[in-house]
There are 2 protein chains.
Amino acid sequence: MTPEEFRRHGKQVVDWIADYLAGIETHPVLSQVKPGEIRQALPASPPERGEPFESVLSDLGRILLPGITHWQHPSFFAYFPSNASGPAILGDLLSSGLGVQGMLWVTSPACTELETVVVDWLAELIGLPERFRTDAAGGGVIQDSASSACLVALLAALHRASGGRVAAEGIDRRYTVYVTSQTHSSLEKAARIAGLGAAGVRVVDVDPRTLAMDPSHLRRLLAEDVAADAVPAMVCATVGTTSTTAVDPVPAIGQACREHGVWLHVDAAYAGVAAICPELRWLNDGVAEYADSYATNPHKWLLTTFDCGVLWTADRAPLVGALSILPEYLRNAATSSGSVVDYRDWQVPLGRRFRALKLWSVIRWYGAEGLREHIRKGVALAAELAEQVGTDPGFELHEQHPLGLVCFRPLWPGLDAAAADRATLRLMELLNASGSMYLTHTKIADRVVLRLAVGAAATERRHVEQAWAQIRWERQALAATLP
Amino acid sequence: MTPEEFRRHGKQVVDWIADYLAGIETHPVLSQVKPGEIRQALPASPPERGEPFESVLSDLGRILLPGITHWQHPSFFAYFPSNASGPAILGDLLSSGLGVQGMLWVTSPACTELETVVVDWLAELIGLPERFRTDAAGGGVIQDSASSACLVALLAALHRASGGRVAAEGIDRRYTVYVTSQTHSSLEKAARIAGLGAAGVRVVDVDPRTLAMDPSHLRRLLAEDVAADAVPAMVCATVGTTSTTAVDPVPAIGQACREHGVWLHVDAAYAGVAAICPELRWLNDGVAEYADSYATNPHKWLLTTFDCGVLWTADRAPLVGALSILPEYLRNAATSSGSVVDYRDWQVPLGRRFRALKLWSVIRWYGAEGLREHIRKGVALAAELAEQVGTDPGFELHEQHPLGLVCFRPLWPGLDAAAADRATLRLMELLNASGSMYLTHTKIADRVVLRLAVGAAATERRHVEQAWAQIRWERQALAATLP
């Protein structure tokens with residue numbers, strides 16, 4: 001494709017996306033296709049000869065769009081939001097257009113240095129301590145996801161806990177990692193990948209009301225494991241759990257970590273970016289004093305198209321120690337001088353996109369003020385919804401909702417717990433099948449609850465109000481059909 | 001940013017990229033900035049208020065562009081190419097515009113099903129066996145890189161070798177992985193990440209002429225390790241090594257793997273896509289019979305903007321066994337039915353972009369014919385260059401150059417080996433500092449050689465000819481200044 005062909009088709013694609021975003025409410029939020037339907041509509045073999053780009057766009061609309069679940073739809077309330085925004089899309093387009101690799105400083109110095117600048121900017125915006133800045137001993141790096149961030153943090157923690165023996169000799173004794181039942185599953189996945197196995201993961205109790213980690217149980221487990229000759233490698237505290245946005249008590253957890261010399265990783269994948277608002281800065285209490293590493297995802301709630309997770313560490317030496325290997329074909333003068341950062345040593349893959357461009361575009365377009373406004377809108381709408389749920393006799397509200405997520409349980413008088421849970425799931429299926437919203441569920445105290453996460457960039461008050469009205473109406477209609 | 005603002009700025013960005021690509025030859029290939037220069041030109045703190053998008057574009061040109069090493073420049077001959085192309089950039093733009101997550105089938109069925117279709121297409125194009133297709137027991141999946149692909153393959157191999165104990169209990173005994181001195185460093189990185197340590201990596205001898213793995217030495221090492229109570233988990237054969245594009249003898253290696261029940265991973269990161277040409281189909285000899293997994297990167301030589309590596313496995317069960325965890329908040333009817341693929345279980349991260357769109361766009365725009373033409377152009381230009389190098393008395397050609405990479409050593413009469421190697425590196429620095437090309441080096445038999453990799457999408461015969469003329473001229477000029 002020549003530059004002039006690119007210019008022409010590029011503008012077609014921009015128009016396609018602008019039209020898609022302008023008309024997104026015309027689509028059902030959750031795709032209604034059956035398994036295999038999209039696949040069967042596509043040719044089983046690739047074309048022998050090239051086709052016009054218009055065919056791609058036409059098949060996208062005709063075949064693929066029905067199979068899309070619209071994450072940018074204002075009535076997308078499932079999981080957590082995965083915000084895209086104009087400046088992020090365009091920043092990422094510039095990254096694709098430049099097509100550079102940022103594996104080493106020398107392979108595109110601006111790719112590394114802009115990343116250093118924007119992760120330092122973000123650290124400042126959310127109030128992370130100075131020692132997490134790249135001009136101190138620590139530093140930040142963009143990862144594809146919080147899953148990869150926690151794996152990388154665990155590898156650094158193991159490097160420190162083992163004095164480098166894990167990288168050299170492999171898992172040579174019993175290393176343990178501490179989570180709760182509410183910690184994201186990526187922590188267990190990281191422990192499995194790193195060779196600790198599921199058995200290396202200790203599950204600390206939570207407070208049954210707040211679902212936050214119980215620091216006294218953590219202390220007990222740490223002491224027991226040390227007595228049993230295990231080596232506690234990392235504790236993961238979560239700020240804003242995936243299930244209910246519970247906030248673990250980082251200061252008390254950090255104190256226990258410090259006493260045992262254990263690496264504290266703070267997983268604030270969803271909630272961390274909210275600390276950009278001074279009134280939510282408490283989310284990071286204890287981080288400055290105690291955290292060895294910290295992760296949050298601008299690609300969730302900060303308008304930056306996936307993938308853009310950021311991991312900071314207070315000491316980059318164990319990170320690089322765990323992950324650096326320098327074959328001859330990657331040697332270069334800048335690396336040898338020690339005066340540059342080579343981000344390949346801060347991540348699992350070697351190659352890396354110029355992802356800093358999209359975060360840079362977002363921060364510049366919205367400014368700190370605009371980003372705060374976006375977070376505040378989500379928090380306010382969620383608070384309004386929670387107020388309504390809490391006063392409705394047909395529902396039970398989960399009282400903890402500090403951010404954009406509201407968890408609640410429809411009540412089904414006359415049904416036992418198991419039947420009520422089935423009715424709740426059935427209600428969710430009906431709502432999602434209607435196409436007018438998408439929400440997901442979790443369990444609290446072994447009971448099914450619905451999760452409604454506000455925070456898609458396009459969501460306005462009317463979308464939340466409409467959703468709540470429909471939920472109430474559908475619950476009544478379903479209740480009427482139950483025995 | 002509203003859809004209409006996106007439409008306006010999107011077209012500005014498309015114009016910016018079209019102009020950049022049309023004028024790419026006006027830039028020095030390798031950025032000439034000093035460490036810290038870009039960083040110092042950027043504000044230390046983020047803006048409080050939003051700025052117009054034009055400021056982003058203007059700073060991109062003014063501040064960042066001098067810090068870019070232009071991977072799409074026709075005179076970029078370093079590392080391996082990392083091809084971008086118009087249809088790939090636009091496919092990826094569509095992915096950003098849709099902004100969907102493909103972690104589960106249900107979170108966007110088209111994201112999963114198009115991926116299944118295009119990796120099956122690619123398997124067909126490069127002649128991979130039927131059992132690697134997703135409609136058999138195996139399947140393909142897009143990874144960010146061959147590094148992640150080999151990590152995931154290793155985790156599957158460990159799962160099989162340990163009967164699932166590694167995922168449950170962690171590294172419980174000595175597992176070993178087999179590579180050569182020429183294998184990509186990502187294999188050692190994967191072994192370290194997976195808890196085997198560098199000590200778990202066995203280095204098999206290579207044939208000193210071809211630099212390909214010696215299968216008889218592999219057999220010896222396997223037998224010795226088994227006798228010493230280690231568990232051989234995976235052998236990595238490379239088709240097209242990073243250093244010199246050496247091709248390991250997959251059939252003989254596969255036979256040894258089969259006898260010992262060891263997982264065979266074939267790393268064809270760079271070369272695999274070349275098998276799209278029937279005359280290069282020999283690259284995959286032995287894969288159909290013996291490989292348990294196979295990886296190649298369309299983002300290297302197949303015109304698909306990074307990141308797009310593809311990993312296939314003949315049996316997806318151990319892959320999913322190693323990586324699957326299902327928390328309540330991800331449960332859904334489609335997953336429970338077992339009738340869908342959830343690609344989150346085939347990779348390290350949970351979240352995933354709709355990367356299939358860019359590979360789909362590329363295959364449709366170019367067609368199989370257009371892709372073959374692109375590969376053939378690179379191979380032909382490299383062969384022409386090798387012919388000239390081989391007949392020039394000032395240079396020694398590395399005779400193995402089956403693909404787009406040519407390795408050669410300038411001769412420095414009168415200098416001993418160490419001084420000659422320094423002169424070669426100095427020559428490379430002079431060439432790269434000139435801005436008119438970028439090439440890198442490696443070592444063969446402990447001597448420094450230059451690597452010139454042809455394959456950037458924009459490269460024509462004149463660029464290779466100009467580079468070769470300049471290399472000859474600079475060698476003579478430098479030789480004249482030496483004692």
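How many salt bridges does the rule find across the interface of chain B and chain A? It finds 20. A salt bridge here is a side-chain nitrogen of Lys or Arg within 4 Å of a carboxyl oxygen of Asp or Glu.

**Before you start**

This is a predicted model: local features need pLDDT of at least 70, side-chain atom pairs count only at pLDDT 80 or more, and totals for chains, interfaces and linings use all residues. Residues are numbered from 1 along each chain as its sequence is written, chains are lettered from A in the order in which they are written, and side-chain values use heavy atoms, with hydrogens and water left out.

**Stop 1: the interface**

Select chain B and chain A together. In contact (heavy atoms within 4.5 Å) are 153 residues of chain B and 152 residues of chain A. The buried area between the two chains is about 13300 Å². That is the accessible area (1.4 Å probe) that two parts lose on being put together, summed over both. Carbon and sulfur atoms give 64% of it.

Now pick Tyr329(B), Arg364(B) and Trp365(B). These residues supply 7% of the area that chain B buries against chain A, more than any other three.

**Stop 2: a bridge between chains**

Select Asp120(B) and Arg39(A). Their side chains meet in a salt bridge, at 3.3 Å from N to O.

Next, show helix 1 of chain B, residues 3-22. With 17 residues, this helix gives the most to the side of chain B that touches chain A. Helices here are DSSP runs (H or I, at least four residues), and strands are runs of E (at least two), both numbered from the N terminus.

**Stop 3: the two copies**

Superpose chain B on chain A. A rotation of 180° with 0.0 Å of shift along its axis does it, with an RMSD of 0.0 Å. The same surface serves both: 99% of the contact residues of chain B recur in chain A.

**Stop 4: inside chain A**

Colour chain A by domain: domain 1 (3-69), domain 2 (100-353) and domain 3 (371-481). These bounds come from an automatic or database domain assignment. The C-alpha centres of domain 1 and domain 2 of chain A lie 37 Å apart.

Finish at Asp307(A) and Arg355(A), whose side chains meet in a salt bridge (3.3 Å, N to O). The pair links distant parts of the chain, 48 residues apart. Asp307(A) is in the loop between helix 12 (298-301) and strand 7 (309-313). Arg355(A) is in the loop between helix 14 (333-337) and helix 15 (356-390).

How values were computed. Least-squares fit on C-alpha atoms with pLDDT ≥ 70 in both.
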